[in-house]
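Q: I am new to reading protein structures, and I would like a close look at the backbone of one loop. Please start there, and then show me what else to look for in other parts of the chain.

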Amino acid sequence: MAELSNDKLQVVIADKGAELQSIIRKDLDIEYLWSGDPAFWAKKSPVLFPVVGGLKGNKYEYDGHSYTLGRHGFAREQVFEIVEHSPEHLTFRLTDNEETRKVYPFRFIFDIRYFISGEQLKVTYEIKNTGKDALFFSVGAHPAFRLPLVAGTTYEDYYLHFNKPENADRWILSPEGQIADAPVPYLDETQQLPLNKSLFYNDALVFKQLQSSAVSILSEATPHGLEINIEGFPYLGIWAAKDADFVCIEPWCGIADHVSATGKLEEKEGIIRLPAGDSFERHWTATFF
């Protein structure tokens, strides 16, 4: 485990998966991250790489070969190396290895940087293509935030607030985790989505190309909540395990296979093509109040 700390925040991150384990606002004595109760969902904030969501049949094709790769890829199960560490900054690194190349035949360096400033956490993903050919990948975040946040409030006291009015369709997931070919109407010129646990009984809420650059967890019953900036991420997932006391706000550069996907990696929706020698970078921030 590694820790970041300033006068406002204490953040703990595990080497395995470079996964957030705790986010505490010290001056408020509030833990914002889900506990990871295995009775519901043992993860807390897995990093999704080199795919987001599930592949059709857990398989893909590339360069004439077929590979098997599980939901959300392998990064969340790999042990990252710490390459930079100061009281307010941490960089974790994953480099391709014999194990990853069995399921993903690409050379890469994947750096995840955590930085705290005041009450804000910034998370940066940087992927470098160290191979001789193009690198095809997706990347995304999956942080789970504890609800209710404070005593005397309930899950249903909270809602999601989009910083712009949204008129957005929801992309339904099949029982196998694939995206339906046609969406259904969902958000109708609104900035609010009231939270209740039944929202997620049929898996995640998946959106494409929202207008908003930020999503907040707010409540009329308490001044405490958080805001996530999702600018630069074309897809957003919102999810919770059935009847669990958390909600995930998931900015994605990538998406699960569609039910009609060809299985060819180069044709996958949301896949990023990174030329040899190039780098890709995205970041999201979370502000806790």
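A: Let's begin with Pro 50, which sits in the loop between strand 4 (30-31) and strand 5 (59-62). Keep in mind that you are looking at a predicted model.

Leu 147 is linked to Pro 148 by a cis peptide bond, and here omega is about 0 degrees. Pro 148 belongs to the loop between strand 13 (144-146) and strand 14 (158-170).

Next, go back to the other end of strand 4. The loop between strand 3 (20-25) and strand 4 holds Asp 29. Asp 29 has a positive phi of about 55 degrees, although it is not a glycine. Most residues other than glycine have a negative phi.

From backbone angles, let's turn to side chains. Arg 107 and Asp 96 form a salt bridge through their side chains, at 3.6 Å from N to O. Arg 107 is in the loop between helix 1 (98-103) and strand 9 (108-117), while Asp 96 is in the loop between strand 8 (89-95) and helix 1, so this pair ties together parts that are 11 residues apart in sequence. In total, the model has 13 salt bridges.

The side chain of Thr 287 makes a polar contact of 3.2 Å with the side chain of Gln 120. Setting aside neighbours within four places in sequence, Thr 287 touches Glu 119 and Gln 120, along with Gly 225, Leu 226 and Glu 227.

How values were computed
Residues numbered from 1 in each chain as written. Predicted model: local features only at pLDDT ≥ 70, side-chain atom pairs only at ≥ 80, totals over all residues. Heavy atoms only, no water. Polar contact = N/O pair within 3.5 Å; in protein donor to acceptor, adjacent residues only side chain to side chain. Contact = heavy atoms within 4.5 Å. Helix = DSSP H or I, 4+ residues; strand = E, 2+ residues; numbered from the N terminus. Salt bridge = Lys/Arg side-chain N within 4 Å of Asp/Glu carboxyl O.
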